[in-house]
Every structure is written in C-alpha cells, then in structure tokens.
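Colleague: I would like to go through this model feature by feature. Please give the general idea each time, then the case here.

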Amino acid sequence: LWCCLKEWGVRLGVRSILIVLFALNPMIVYYAGNGMSEAMFIFTLLGTTRFLMKWMRGGEIRPLVAAGIWLALAYLTRYETIGAAAITTPLVLWVSYKRASGADGTPRLRTALSDAIIFAFPFAVSFISWAMVSWVIVGHPFEPLSSQYGNASQLAAQGALNTTLSYRFGLVVETLGYLAPLLLLVAILLMVWLWVKRVDILILAPIVVVGGALGFTVASFLANTTGADYRYYIMAIPLEVLLVGGLIAGITQDSGARNQTGAPQRTRRSWAIGLTTVVMAVVLIGPSL
C-alpha cells in the first residue's frame, strides 16, 4: 500500500496517515492475526496493483510480468481473483494499444495482445493447474462450488440461501456501509475530479484489481453462492484508502502545476495544500475505524 501511494506521488506525511488509518482498522487488525486468508489476499491484490501501476506509468515489461505473477498468487489464495483478472486483462489490452506507436492498427493490436497475454498467462496457469489438481485429488475441479462441503452447499443446508434479491442487495449496502462508510462519496468525488481535471490514469489500477475482486464477491452473494460474512468484503477497506490516495495525489499534482508564485507564497500554499490533504485523509478514512 505504501508503494502504491508512493507511485502516485502522495506526500510522505499524508501517505503515513493513510497507512496508519488502514493498519488500525479493526477488521485489518483482526484478520491480520487470525490466520485466515484475508491478510494474504489483500497483500497479493495490493502487490498486483502496485506493479500494474508501475507498468502503466513507465511501460516496462518487468512490472507487467510481476503484476501477472502477483495476480496468480492472489488466485491461489482466493477465488474472487477471477473478478480482478476478468477486468484487469482488458485494461492492460486497452492501455497497451493506446500507448503503442504507429498509425497502423495491426502492429498496435499485436503489441497490445502480447502485453495482455504476458499479464494473464500466470493467472491462467494458476487457474488451470489448481483446477486439475483439485479434480485429481477430490474429483471436482472447483470443490467449494460443486462439493457438498463447499460454501454453497453448506449455506443451502443452513437455509441461508432462502432470501430475496432485494434483501441480499440491502445487506451488501449495509455491509459496505460498515466497512467503508464513505466509499461511495470518495468514488463520486473521484469521478468529478476525473471529469474536471483528468486525474492520472493510474487510478484505474486499484479500481480494476481490488474493485474487481470486490465486485466478484458482491455478484457471488447476489447470485446466492456465498454468505454475508463481513470478511468477504474486506477489500473495500484498502480500496477506499487507495481511492482517497489517488484523489489526494491528483489534487496535489494539479496544485503543484499551477504554483508559479514567489518562494514565500509557494511555501504558504504548500503548507495549506498539505494541511488540506491531511484533513481529507482523516475525514474520508477515519469513519471506517
């Protein structure tokens, strides 16, 4: 998370506050210490996000390979990674195509397809290999979904799946409201800022990676295949922190670009921007604690 915020150019003080607010979140503290998969899942998703941002910034191949490997490790941790892979791969294709030089569409498309394959290949190997291993050992490629011991079967046995779609949707809104109360507000502010100021394209990285995994969780619950445990939605916490970081980075970079005044005035302006962004970080992330 520190590296993601640093990649954006979030100032040291604000970056430190965002990290502390993330680390002190009761859900993060609890699932950091209970040995379940949430800590490793967040870690691998943030690793994917960090290297995807690095690739989007510079276009070098090594960060893209690293992002693909981190995504494969995330899938070996949790199935929700499928959502992240399904959204992130088209993003890599699009960014690579837009960045490729030359007027002819065919070489650009070839370059974009190559980058997308490089990124998605580790995940594909992880997905197929894990399914084959599961099939060989227990007779089901996707044991949690198809087995009587899987999540869906256990929930059905408890009668937990006998709910309406509107009830499940309301429960999703309630859960996200507890874990990341101002996530919707942050998203709206970010969209407005994107529309007005054209914030750095790097903001798409956490949206597709962390947001993609969260979206898969929501879709699975609405489809009645997973339960309503808070832990399934824990990705909302790092997502909110990353979006706030991206918003703050956009504000500070825009202010820095317009700061052409004398040295004393620049200093006062810098202090004002720093104080404003610190208050923003505390106000937008603090309620999630």
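Modeller: The protein carries 20 positive and 12 negative side chains, with the centres of the two sets 13 Å apart. Lys and Arg count as positive, Asp and Glu as negative, while His and the chain ends are not counted; each charge is placed at NZ of Lys, CZ of Arg, CG of Asp or CD of Glu. This is a predicted model, in which local features need pLDDT of at least 70 and side-chain atom pairs pLDDT 80 or more, whereas totals for chains, interfaces and linings use all residues. Residues are numbered from 1 along each chain as its sequence is written, and side-chain values use heavy atoms, without hydrogens and water.

Colleague: How many helices and strands does the secondary structure have?

Modeller: Helices (H or I, at least four residues) and strands (E, at least two) are DSSP runs, numbered from the N terminus. The protein has 14 helices and 0 strands. Lysine 98, for one, sits in helix H6, residues 81–99.

Colleague: Is lysine 98 buried or exposed?

Modeller: Buried means under 20% relative accessible area, exposed over 50%, and partly exposed in between (1.4 Å probe, protein chains only). Lysine 98 has 56%, so it is exposed. Of the 289 residues in the protein, 44% are buried.
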